[in-house]
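Hi,

Here is the structure I promised to pass on.

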Amino acid sequence: MSKKKLVIIGNGMAGVKCVEEIIALEPDRYEIVIYGNEPRPNYNRIMLSKVLQGEHSLQDIIINDWNWYKEHGIRLCTGETVHRINTQANYIETESGIRETYDILILATGSSPFVPPIPGIDKERVMSFRTIDDCTRMSEYSKEYRKAAVIGGGLLGLEAARGLLHLGMEAVVVHNAHYIMNRQLDLKAASMLQQELEAQGMTFLLAKNTQKIIGRSQAQGLLFTDGSKLEAQVVVVAVGIRPNVDLARRSGIATNRAIVVDDYMRTSVRGIYAVGECAEHRGISYGLVAPLYEQGKVLARTLCGQDTPEYKGSIPYSQLKVSGVDVFSAGEISGEGLQTAIQTLDGIRGTYKKVLMKAGKVRGAILFGDTAEGRALLGLVQRGAEVAELAPREDAPDPAEMAAAALPDQETVCACNNVTKAVIMKAIQGQGLQTADQVREQTKASGSCGGCRPMVAALVKHTHNQKNNGGAGTVTQLEEKSVIPVCSCTYLGHAGLKEALDHILREEHMDILHHQPVITRQIDITLILQKLDWGTEQGCTVCRPSIHYYLQVSTSTMNERVTITDEHPAAERVGMQQHLMEAGIKRKHEIQIRWDDGNPLSSYTLDVGDLAAKLRSSWTDAHMPSLVNVGIAPRPGSLVSALVQDLGLLASPVGWEIYAGGHAEHPVKEGRLLGVAETELQAALLATACLQWYRQTAWYDEPLWAWTERLGFMAIRETLLDDQFQKELAMGIIAERQGWGNEITREFRIDSFKASCKGDSMSVLQCAVQNDR
């Protein structure tokens with residue numbers, strides 16, 4: 001069976017990235033032909049400034065050399081410009097007369113420098129900065145001329161100016177805004193960057209609009225709209241890019257500013273796709289590498305017939321090294337409704353951080369000088385996280401290490417070279433790498449623009465800190481994480497045991513669950529141990545209570561009445577129970593509720609006893625992972641301290657403050673604020689939801705404070721402050737205590753619940769029963 005022919009118009013980073021992904025997925029699926037208008041293989045445009053600055057040669061920035069195309073059976077046609085697509089007959093035609101048929105066509109035509117309509121723009125020694133040929137021209141000009149002007153104070157303009165300085169020319173940056181990089185930075189960060197660049201020899205003319213380029217046939221300088229002039233023998237225009245859409249437009253393919261594509265990168269013509277800077281998705285065309293690579297991955301999986309999440313757009317971000325200075329910008333940095341959530345400035349270290357929010361959500365971030373937190377902040381921006389997540393964690397390590405640990409394994413660290421955290425971690429661990437430079441040599445991470453170097457350095461530091469701590473710490477392991485078994489009877493850890501029990505109960509319970517009349521089922525622990533290939537027939541004093549607890553929690557969500565039995569001889573049961581007692585291990589942990597019923601402050605007028613009764617009615621004799629201490633205090637300074645309890649409720653002028661994760665054992669640990677409730681009922685609901693969430697997700701014998709550290713306090717807080725989920729959790733335990741199913745949690749209305757309980761001393765449980773009826 002002959003292969004389908006896949007033709008790509010464009011040999012740039014986006015199109016070839018898509019080809020790389022296709023080769024990785026199904027290398028023999030297509031006959032691949034690539035047309036490029038430059039006379040060279042695929043190279044990294046981001047690195048052009050490094051070539052201009054003398055840090056790299058042309059060979060250094062080649063992504064895929066000639067041999068790569070040959071090895072993968074790709075026919076590369078360089079120096080060819082496609083000028084026509086016949087969408088009816090499925091062929092393309094180049095300006096030199098080559099005609100190529102296709103089954104599937106990808107348009108990856110990229111973009112061109114935007115040339116503003118300034119009089120004199122076509123004079124000699126006026127040029128853009130986009131290709132290797134442009135670098136060569138600038139280098140040649142520097143041998144004869146000394147004064148250069150760069151129109152454009154964005155990233156590309158600054159990099160061009162830095163290259164001109166390296167070539168020995170005077171470089172003046174002309175920008176029409178009041179500060180440089182105004183699309184990525186705020187005034188403070190831009191001012192700090194400008195100061196750094198001025199120290200390197202760069203000069204700036206801000207809030208200047210060029211009226212024309214002066215000189216007869218060759219550039220001699222600039223005339224501005226305010227009447228002032230600037231002498232310049234070389235003028236570099238770097239004011240932006242324009243998607244290359246003329247070919248698509250002539251061929252009848254739908255275009256706006258760029259080629260219109262859907263969530264799978266399909267154009268308006270069947271069998272034709274577009275990717276990269278030439279593509280417009282949901283009204284946006286991207287000029288950054290990371291979104292283009294994301295598009296390429298989606299398109300590759302689509303063309304290989306594999307399931308793939310649709311491309312939903314990208315949050316624009318830049319993590320760059322501008323002339324040696326680390327800069328990060330993500331999301332919205334200006335606009336109506338934005339407010340500053342965090343702003344810090346360290347004048348000694350020369351670092352700056354600003355995080356912006358809107359309606360309580362993280363919407364944008366700027367970092368200058370130290371960008372190690374960039375990826376972590378980007379994650380918050382991408383998911384619109386609550387501002388509360390910005391709060392520092394207790395005993396938090398270095399922010400850079402925290403960011404490195406929080407980064408998912410498959411997250412791309414180096415967008416320029418598509419290097420993930422997993423690849424970097426594997427190199428550090430496997431090859432004993434000690435520095436970011438060694439990582440760069442082995443993986444290419446940070447070898448291009450350099451913007452990701454702080455994160456690479458943080459990963460190196462984090463990895464070695466973990467090794468020095470004997471494997472403890474927060475560094476994500478690339479290999480399968482070592483699991484601490486529940487006991488010597490099994491290789492399973494608590495997470496694996498819970499998963500295995502849940503699987504048995506829900507998928508393979510025909511051998512274990514014996515239907516009795518009506519709705520009663522019995523679960524035999526002995527048979528479950530056999531299913532789990534337990535190392536001992538009866539288990540031990542450690543694992544048996546754990547299994548018993550996990551079964552109780554798992555079966556509590558079923559709509560049947562469930563009993564857990566031991567079907568071994570009675571003598572053995574007695575012996576096991578005696579063994580448990582001798583070992584000091586209880587089968588069931590409970591909740592202890594303490595409250596100070598002394599006279600509250602007159603302004604509070606809160607009924608502590610009523611709140612305690614509400615909690616006791618729901619939690620009496622409930623199975624818990626560990627002993628839980630709940631303290632209820634009518635005021636600060638009460639005999640019962642709410643801050644050093646597993647769960648503490650403290651009356652305040654606004655109602656009740658609910659704290660979680662404290663303990664009074666040495667060293668004392670204060671709980672953190674989980675939320676605030678106006679009434680006793682609302683406080684009882686939040687506290688009940690927290691206890692139920694702990695009950696469902698904690699390991700057996702794991703104290704509540706340890707649970708908050710493992711799951712992350714802010715994650716728990718965000719989960720529990722979801723009103724609907726909070727209600728379902730609270731009603732789950734209420735329903736369970738009466739043997740109900742979970743349907744009540746879906747039908748129960750919180751408003752009517754409040755109305756039923758208002759001014760009444762009924763317990764939460766009684767209110768629920770009344771409402772249900």
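Before the notes, one cut-off you will need: a residue is called buried when its relative accessible area is under 20%, exposed when that area is over 50%, and partly exposed in between. Please also keep in mind that this is a predicted model.

I went for the salt bridges to begin with. Side chains of opposite charge can pair when their charged atoms come close. Searching the whole structure gives 26 salt bridges, and here are some that I looked at in detail.

Take Glu332 and Lys358, which form a salt bridge with their closest N and O atoms 3.5 Å apart. Glu332 sits in the loop between strand E22 (325-331) and strand E23 (339-346), while Lys358 belongs to strand E24 (residues 351-358), so this pair ties together parts that are 26 residues apart in sequence. With a relative accessible area of 28%, Glu332 falls between the two cut-offs and is therefore partly exposed. Lys358, at 23%, is partly exposed as well.

Next is Arg75 with Glu100, another salt bridge, where the closest N and O atoms are 2.8 Å apart. This one links distant parts of the chain: Arg75 is in strand E3 (residues 75-77) and Glu100 in strand E6 (residues 99-101), 25 residues apart.

Arg440 and Asp437 meet through their side chains in a salt bridge, at 3.2 Å from N to O. Both are in helix H12 (residues 436-443), and because they are 3 residues apart there, about one helical turn separates them. Arg440 is partly exposed at 31% relative accessibility, and Asp437 is partly exposed at 30%. Elsewhere, salt bridges with shared partners join Glu38, Arg40, Arg45 and Asp133 into one network.

Helix H12 also has a neighbour to look at. The axes of helix H11 (residues 421-431) and H12 come within 10 Å and cross at roughly 110°, which means H11 is roughly perpendicular to H12. The crossing is right-handed. On the H11 side, the contact is made by Val423, Ile424, Ala427, Ile428 and Gln431, and H12 brings Val439, Gln442 and Thr443. Sorted by type, the residues in this contact are 5 nonpolar, 3 polar and no charged.

Cheers

How values were computed. Residues numbered from 1 in each chain as written. Predicted model: local features only at pLDDT ≥ 70, side-chain atom pairs only at ≥ 80, totals over all residues. Heavy atoms only, no water. Salt bridge = Lys/Arg side-chain N within 4 Å of Asp/Glu carboxyl O. Helix = DSSP H or I, 4+ residues; strand = E, 2+ residues; numbered from the N terminus. Buried < 20%, exposed > 50% of the residue type's maximum accessible area, 1.4 Å probe, protein only. Axes fitted to C-alpha atoms, helices over the stretch in contact; angles between N-to-C directions. Parallel < 35°, antiparallel > 145°, perpendicular 65-115°, else oblique. Left-handed = near helix turned anticlockwise from the far one by under 90°. Contact = heavy atoms within 4.5 Å. Nonpolar A, V, L, I, M, F, W, Y, C, P; charged D, E, K, R; others polar.
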